[in-house]
Amino acid sequence: MAVDVGHTLAACGAISARGRCEYEFNAVLADLLAQELRARRIAVREINFDGLIDSLAARPQHAAGADFFISIHHDSVHPEWLTDWDWDGSSRTYSDVHRGFSLFVSRANPDLAGSLRCASAIGALLRRAGFSPTRHYAEPAAGPSRPVADLDNAVHFHDRLIVLYQTTLPAVLFEAGVIKHREEELALRDPARQIRMADAIASGIAACLQVNRATAGDEDPSQTRR
């Protein structure tokens with residue numbers, strides 16, 4: 001399967017409440033996830049682990065031939081929820097309104113059923129491990145809401161994400177938490193919590209891959225294609 005680190009060194013994504021680039025959060029969690037998957041004897045194709053990939057379209061291209069694609073991200077919130085504050089002598093923005101994980105799939109993905117199955121499995125295993133899903137994508141109060149695919153597990157449709165629809169395999173974009181939330185930012189940097197989250201994601205992926213392969217008629221579900 002393919003694990004993608006969201007954003008790049010040059011375009012590092014959202015900036016946390018304390019001024020840290022999203023890419024740094026993504027890279028740490030993606031590396032831990034890759035370790036957990038390999039511990040389950042699932043072969044992993046690393047995408048953008050060096051932060052130098054040249055385009056969004058290149059990500060699913062590098063994943064071609066794998067049986068599942070997950071892109072690791074950390075979340076921000078709509079600008080209307082942001083408040084200014086001073087952190088370590090610098091002006092930053094934060095929002096303590098929303099926190100929690102979420103997952104996205106595209107209805108334009110060629111294997112929507114497999115994508116939904118994996119997203120829900122990941123969300124369910126995260127909740128079982130004690131992580132809380134966010135609800136702000138279901139709320140139109142500030143910014144566009146995202147259609148709900150599985151409210152309990154914070155799975156939403158986001159149809160025009162290139163990494164989700166320009167692919168030949170089931171694909172999920174995972175938001176680990178809201179780095180604009182001051183308390184959650186610190187939690188997302190906690191090594192023990194990062195390992196626990198990676199373990200839950202890997203367990204969800206392993207469970208859904210077995211079902212996906214069985215559904216596809218794979219004769220040997222213990223083997224993972226590279």
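This is a predicted model: local features need pLDDT of at least 70, side-chain atom pairs count only at pLDDT 80 or more; totals for chains, interfaces and linings use all residues.

Trainee: How many residues has the largest nonpolar core?
Mentor: It has 44 residues. Such a core is a set of buried Ala, Val, Leu, Ile, Met, Phe, Trp, Tyr and Cys residues joined through side-chain atoms within 4.5 Å. Buried means under 20% relative accessible area (1.4 Å probe, protein chains only).

Trainee: Which residues have the most contacts inside it?
Mentor: Ile70, Phe174, Ile201 and Ile205. Contact means heavy atoms within 4.5 Å. Leaving out residues up to four places away in sequence, Ile70 touches Leu33, Ile122 and Val172, among others.

Trainee: Switching to α3. Which of its residues are buried?
Mentor: Gly114, Ser115, Cys118, Ala119, Ala121, Ile122, Gly123 and Leu126. Helices are DSSP runs (H or I, at least four residues), as are strands (E, at least two), numbered from the N terminus.

Trainee: What covers them?
Mentor: The cover includes β3, β6, β8, β9 and α6.

Trainee: And what comes just after α3?
Mentor: Gly130, with a positive phi of about 100 degrees.

Trainee: Which residues line the largest cavity?
Mentor: Among them are Phe25, His74 and Arg193. On a 1 Å grid over the protein atoms alone, a cavity is a set of points where a 1.4 Å probe fits but cannot get out; lining residues have an atom within 4 Å of a point.

Note on methods. Residues are numbered from 1 along each chain as its sequence is written. Side-chain values use heavy atoms; hydrogens and water are left out. Buried means under 20% relative accessible area, exposed over 50%, partly exposed in between (1.4 Å probe, protein chains only). On a 1 Å grid over the protein atoms alone, a cavity is a set of points where a 1.4 Å probe fits but cannot get out, and a pocket is an open set with protein on both sides within 12 Å along at least five of seven lines; lining residues have an atom within 4 Å of a point.
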